[in-house]
Every structure is written in structure tokens, then in C-alpha cells.
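Here is a short report on how one protein model is packed inside.

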Amino acid sequence: MARPREFDTEEALARAMAVFWERGYGDTSLPDLLGAMKLTRGSLYKAFKDKKSLFLEVLRIYDAEAVDGAVALLSDPEQDGWDRIVQLFTSIADGFDAGDRRGCLLCSTVAGPAVFDDEIAACAQRSIARLRASFQRALEASDLAGDAESLSHLLVTQYIGMRVLSRSHVHGQTIRQGLNALGRLADPSAAQTRH
């Protein structure tokens, strides 16, 4: 008869996520994970197989938590589509101003060397595709509906860029200026009147 696990799987995965989020997949060592998760090597391998399988599970959980939240906001039928988009980008800038330098685990993964692994790349791309589709749906519920598909690609790259920059030591105005520039999509004349 198999012995029951002597640890809380959800708690262990949350601790693993924190380490991967801080250090990235490549710079996270097995001892880092074992220490954070409070597991022995045997317990980790038995429960999660290996580091990559653990990371893929962490990305799945992150998708279900963080990406679902962004998708829900962008899909809110109670708001104009463009207002949803602005609200999402404003939350990034507000988080940065409040001192959150974690960025986005998904965006950091997409921008890092971990995506040279086909399985990790496929997992990350599924989440990015969900975000892009959500941007498109929000754009379709705005005055920019005619360019929704092409602009959704622009917005997802802007989203990834802002989330990656929010991990860096850039000046806060860089993030805010990126947010302010989005307004030019909805009102191109605004850019002309500022010159």
C-alpha cells in the first residue's frame, strides 16, 4: 500500500511558483526548490517527476489564476472594450508604482531562455494566445473594432513588454508613458494636438 503524501501539494506548488517567479526557470536550482518547498529530493521527484514537469504545473496554475483574471477583465460585458484594456494596463502601472517588481511569471518565461524548450514554449504560447484573443474581443466591443485582430497583436506585445519592464529598474515614468501612449490608439488626434 502506497504511503500518503506528507505535505500539502498546493502549498508546495505555491512555494515553487514563488521561486520560479523570482529567479526564472533556468536560474532556479533543485536545492532552491527543495528548500522553498520543504521537500526531500525523493518527495519532489515522486510528486512532480522533475524540475520541468514541476515548472509546467506551476505555469498551468499561473494560467488558471493570473491569466484567467486578465481574460475575465477583458471580457467584462458591463464595460466598453477599450475601457477594459485601459483598466488592465493601468493595473500594471499602479502595481509598479506600489513597488511590485515581480512582473508576470508568464511574460518573464516568454522573454527568457526557458522557451527554447518546446513543451515550455507550447504551454506559454497557449496562455499568450488566450490573452491575445481576449484583447481582440475587447477591441471588437470598442470604436477600434475594425482593426481588432491586428491591434490585438500589438496590445499583447505591449502587455508582455510592460510586464517584463516592471521587473527591471526602469524609471516609473517609462511604464506610465507606455500606458499614456495607448490612448493614441483610441484617439490618434490626441498625439497631434500635443505637438
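Leu54 touches Leu13, Ala16, Phe20, Leu33, Met37, Leu44 and Phe48, leaving out residues up to four places away in sequence. Contact here means heavy atoms within 4.5 Å. This is a predicted model, where local features need pLDDT of at least 70, side-chain atom pairs count only at pLDDT 80 or more, and totals for chains, interfaces and linings use all residues. Residues are numbered from 1 along each chain as its sequence is written, and side-chain values use heavy atoms, without hydrogens and water.

Leu54 and Phe89 touch the most other members of the largest nonpolar core, which has 59 residues. Helix α4 (residues 51-74) gives the largest share of this core, 12 residues. A nonpolar core is a set of buried Ala, Val, Leu, Ile, Met, Phe, Trp, Tyr and Cys residues joined through side-chain atoms within 4.5 Å. Buried means under 20% relative accessible area, exposed over 50%, partly exposed in between (1.4 Å probe, protein chains only). Helices (H or I, at least four residues) and strands (E, at least two) are DSSP runs, numbered from the N terminus.

Ala12 lies in helix α1, and Ser152 in helix α8. Their contacts leave aside neighbours up to four places away in sequence.

| Residue | Relative accessible area | Contacts |
|---|---|---|
| Ala12 | 2% | Phe7 and Met37 |
| Ser152 | 0% | Arg132, Phe135, Gln136 and Leu139 |

The C-alpha atoms of Ser152 and Ser134 are separated by 8.2 Å, with the two residues 18 apart along the chain.

Next, helix α9 (residues 172-186). Its buried residues are Gly172, Ile175, Gly178, Leu179 and Leu182. They sit on the same side of α9 because they cover an arc of only 135° around the axis, taken from the directions from the helix axis to the C-beta atoms. Their cover includes α5 (81-97) and α8 (148-165).

Last, the largest pocket. About 250 Å³ of space lies in it. Its lining has 18 residues, and Arg23, Gly24, Tyr25, Ser108 and Gly112 lie nearest its centre. Helices α1 (9-23) and α6 (105-110) each give two or more residues to the lining. The largest share, four residues, comes from α1. A pocket is an open set of points on a 1 Å grid over the protein atoms alone, where a 1.4 Å probe fits, with protein on both sides within 12 Å along at least five of seven lines; lining residues have an atom within 4 Å of a point. The volume is the space filled by probe spheres set on the points, which are joined across faces, edges and corners.
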